[in-house]
Amino acid sequence: MTYHHRTSGLIIHNVSRRDMLKGIASVGGLVLAAQIPGLRPALAYPTGADQMPNGVRSDPHLFLSIAKDGTVTIVAARAEMGTGAARTTLPMIIADELEADFDRVRIVQGEGDEKKYGNQDTDGSRSVRHWIQPLRECGASARRMLEQAAAKRWNVDVGEVQAVHHELVHRPTGRKLGYGDVAEDAAALPTPAVDQIHLKEPSAFRYIGKGNVAVVDLFDITTGRAVYGQDVMRPGMKFAVIARSPVLGGTIVSYDASAATKVPGVEKIVKINPTPAPAKFAPLAGVAVIANNTYAAMKGRDALKIVWDDGPNKSYDSVAYKAHLEEANKSPGKVERNEGDTDKGLASAAKVITREYYVPHLAHATMEPPAATAQFTNGKLEVWSSLQSPGGAREDIAKHLGMDVADVTVHNTLLGGGFGRKSKCDYAIEAALLAKEVGPSPVKVVWTREDDIQNGFYHTVTADRFEAGLDANNKVVAWRQRSSAPSILSTFAPDPKHPFFIELGLGLVDAPFNVPNLRVESGEAEAHTRIGWFRSVNNIAHAFSTQSFVAEIAHELGRDPKDFLLELIGPARIVDLSKQVTTPYWNNGEPTTSYPIDTGRLRHVVEVAAERAGWGRQMPKGRALGLAAHRSFVTYVATVVEVAVDDKGHYSIPRIDVAIDCGYAVNPERIRSQIEGASVMGLTLAQYGEITYKNGRVEQSNFNDFQLARINESPTETRVHIIENGIDVPSSGVGEPGVPPFAPALCNAIFAATGKRIRRLPIGDQLSI
Amino acid sequence: MVNVQVNGQERTFGGDPSMPLLWFLRDELGLTGTKFGCGVALCGACTVHVNGEAVRACGIQMSDVAGKKVVTIEGLDPNGSHPVQVAWRNLGVPQCGYCQCGQIMNAAALLAKTPAPTDAEIDSAMAGNLCRCGCYQRIHAAVRAASKGA
């Protein structure tokens, strides 16, 4: 294989990746990086972090303070929604490089302020992969400052002082000082130049890579002390619920609040004006009922009489729209990727296999429905909410209210789940608007579950159609995928009606298959509801369709699905899409130098998952294994699902084996929990997940008709196999990549057990006999 | 007027007797460990104990808890060290954590009645508590760890 490593300038030919990594590890990633003039030691490899709005920060003065008693306070600036990244893993990275005892570390949540803290948009599985390097630098800088302060106190050379587990040791004499003893002196020092700091050798890590740090909020979570957006309480607070337009783009013709105002506890009714499309995160048209408790506000809302003009999306119907998307896929679309001559390849093929797949809209259904509290006093606004992008929310709120950003303060709470929903701060804007009406009293906007299911930002709906041409030797010689799905961009800009570069890079144009004639086209698809990111986004649909189709071809050919998948992926190599795609390949915002499409790594996770699952083992009747693999968020995941189907078509999942290669594994314990959870979210979307529309309105309303997988139907055991890598292998996404392979692996297992092929999600009652 | 004992303290409520216990606990008493998840007793996030039984606080009205003893997550153990809470921490169960108070209250009620449940009994008893993060594997293991004969 050929591997280009930009930081080293090395081009290594015909060396296996494993050997190459060993080579780098033996000289140390830092040593190698330090040989490049001008390259900061901590930035041993480039990432897309600097391309994010406001980039990253590494200055310890921003993130760290040490009290006289030695307590280290670390600011968590990103949002904690359950991955553990923001409040546990990232602070753990700082603490390790600081040589701090994590038991003496306290975490405080930073307010929304990207100019200060750098990018805070906790989305796209980016926290660890963008922040491990700058936060190592941050901790190492602070360690150096403590050493400098101690050296000055002792009047010795700083080279004789070493920070060891919350103490400063003068090595020649054995004298010691606590971190708290010199904290004040250290804080007054300038941040050291990067050539003055020394990152720890990975062998000296206490926490990084170990998985030995408990989640910071564990005690508070298990005792009810943890505060989420729904839990914010402020003195004199009012409570609001809002009746929102049931159809995107709807407006209020008139409303009658006379009955609502008679409900005891109801204090005020406020109309919320809509913003014309594209409205980004601006609130929907609505009528807010403000009361002295949530229940009164809900009863008041029930008593409202509103006449809506449903607007341009009033005929949106998901049954008709599915047919529309499938029809679009029958004609040539916009070419998104092209290699060879697919038309000719298909025309001259000995056999063509054609299949269609469908994945519907989904709702995030975070266990904590959205909520925000706001208070407007003396021209200044304070907001308390659970937000994935607190800095972005601050700017959006200020813009919507015509305020100076400096006059808006956003306090972020814990998030009771995010999954992309809480990247959209519409609920915080709503609270801000109402705070202006009832100020100086604070007001909390509570979304009910029905609001959450019916007024969200939905996972797009996707129809994929494939044609595979086989030659006389049953080799795949031509491959055409046509995909139609309304675009997320419609939420932000005039509807492009085709996927934009980010969506193209979420599993559509990057299938790393070794086929000489390969084309990907997109059909026209107009958005009729708010489309938003949902954990792993378009990868859900494209991994489902692609990995199902691969297994279908294997079946047609009488081949083992794993062997056939590996054959289609082809030999270990770096796939360069630059000459095939019509829009520059996004690669999840990462440079392909650090994060290439490496089929060797994809093959490896397939082999590991299959081996650990006992692929090929004898199974009793009704039991089978199914496999799927997918690269997303620059991480490689292969999932093997074992399914047991009874004679009525009911199935259970005794076991799952997942192999994940996410580069250097910073917090293996939380990687495991993310993959365990991704299996359950995968099961929910595979079995139940569907938001449908009739007359422009969402038909589902609560957990009765938008069901989530429950404990008694969830996988009994998810076994997570983390591929071991050195720290020189760039860390990659963890929160999302476990989701996409699950549904196709499950459906491939169901097919192997029953012969029933699922091409439309959710599975629902398709298996009932 | 409704008199109710909450975590050992006598409380009086003079508002709408149809108000679900959930909103009295959260909005009036500030006991926000009892979470709002669905409002229709489908998710279990608001599970509390009423006279020792696991009950969804969103599905029971104030008039129905008159004279009863309510225990919320805040009152489960004075030190937060009920065996179920300890097991939850030992196994690192939570992800986002939002549903976990309800899960813990439900598990505590199960084990009070059935100290050594079978796997099927655990799954059946916990099936009313949703977790969108998907922590079920560890929830099951933590209930098992807190049970007799674990």
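**View 1. The contact between chain A and chain B.**
In this predicted model, the contact between the two chains draws on 50 residues of chain A and 49 residues of chain B. On the side of chain A that touches chain B, the elements that give two or more residues are helix 8 (218-223), helix 10 (294-302) and helix 20 (668-687) of chain A, and of these helix 20 gives the most, with seven residues. Sorted by class, the residues on this side of chain A comprise 23 nonpolar, 19 polar and eight charged.

**View 2. Helix 2 of chain B and its surroundings.**
Within helix 2 of chain B, which spans residues 83-90, the residues B:Val84, B:Gln85, B:Ala87, B:Trp88 and B:Arg89 are buried. These buried residues pack against helix 8 of chain A, and also against helix 3 (100-113) and helix 5 (136-146) of chain B. Just after helix 2 of chain B comes B:Gly92, which takes a positive phi of about 55°.

**View 3. The two domains of chain B.**
The domain assignment divides chain B into domain 1 (2-75) and domain 2 (83-146), and the centres of these two domains, taken over C-alpha atoms, are separated by 20 Å. Their contact takes 15 residues from domain 1 of chain B and 12 residues from domain 2 of chain B. On the side of domain 1 that touches domain 2, strand 3 (47-50) and strand 4 (53-56) of chain B are the elements that give two or more residues, and the largest share, three residues, comes from strand 3 of chain B. By class, this side of domain 1 of chain B has six nonpolar, seven polar and two charged residues.

**View 4. Domain 2 and domain 4 of chain A.**
For chain A the domain assignment gives domain 1 (1-39), domain 2 (49-219), domain 3 (229-312 + 370-446) and domain 4 (318-362 + 457-754). The centres of domain 2 and domain 4 of chain A, taken over C-alpha atoms, are separated by 38 Å, and the contact between these domains takes 16 residues from domain 2 and 20 residues from domain 4. The elements that give two or more residues to the side of domain 2 that touches domain 4 are helix 4 (85-98) and helix 6 (127-154) of chain A, and the residues on that side of domain 2 divide into six nonpolar, eight polar and two charged.

**View 5. The packing of helix 20 against helix 21 in chain A.**
Helix 20 of chain A and helix 21 of chain A, the latter covering residues 742-754, pack at an angle of about 65°, and their axes are 8 Å apart; the crossing of helix 20 and helix 21 is right-handed. Helix 20 of chain A contributes A:Ala678, A:Ser679, A:Gly682, A:Leu683, A:Leu685 and A:Ala686 to the contact, while helix 21 of chain A contributes A:Phe742, A:Ala743, A:Leu746 and A:Cys747. Taken by class, the contact of these two helices has eight nonpolar, two polar and no charged residues.

**View 6. A:Leu434 in the largest nonpolar core.**
The largest nonpolar core has 268 residues, and those with the most contacts inside it are A:Ala240, A:Val383, A:Ala428, A:Ala431, A:Leu434, A:Val605 and A:Leu746. When residues up to four places away in sequence are not counted, A:Leu434 touches A:Ala240, A:Val270, A:Ala288, A:Ile290, A:Ala374, A:Val443 and A:Val445.

**View 7. The loop between strand 23 and strand 24 of chain A.**
A:Leu577 is found in the loop between strand 23 (574-575) and strand 24 (597-598) of chain A, and, leaving aside neighbours within four places in sequence, A:Leu577 is in contact with A:Val509, A:Asp510 and A:Tyr585. A:Leu577 counts as partly exposed because 19 other C-beta atoms lie within 10 Å, whereas a buried residue would need 20 or more. A:Asn587 is found in the loop between strand 23 and strand 24 of chain A, and has a positive phi of about 55° although A:Asn587 is not a glycine. With 17 other C-beta atoms within 10 Å, A:Asn587 is partly exposed.

**View 8. Backbone features in other loops of chain A.**
A cis peptide bond with omega of about -5° joins A:Ala277 and A:Pro278, and A:Pro278 lies in the loop between strand 11 (266-272) and strand 12 (286-291) of chain A. A cis peptide bond with omega of about 5° joins A:Gly439 and A:Pro440, and A:Pro440 is found in the loop between helix 14 (426-438) and strand 19 (443-446) of chain A.

Technical notes
Residues numbered from 1 in each chain as written. Chains lettered and ligands numbered in written order. Predicted model: local features only at pLDDT ≥ 70, side-chain atom pairs only at ≥ 80, totals over all residues. Contact = placed C-beta atoms within 7 Å. Helix = DSSP H or I, 4+ residues; strand = E, 2+ residues; numbered from the N terminus. Nonpolar A, V, L, I, M, F, W, Y, C, P; charged D, E, K, R; others polar. Core = buried A, V, L, I, M, F, W, Y, C linked by C-beta atoms within 7 Å. Buried ≥ 20, exposed ≤ 12 C-beta atoms within 10 Å, placed from the backbone. Domains from an automatic or database assignment. Axes fitted to C-alpha atoms, helices over the stretch in contact; angles between N-to-C directions. Left-handed = near helix turned anticlockwise from the far one by under 90°.
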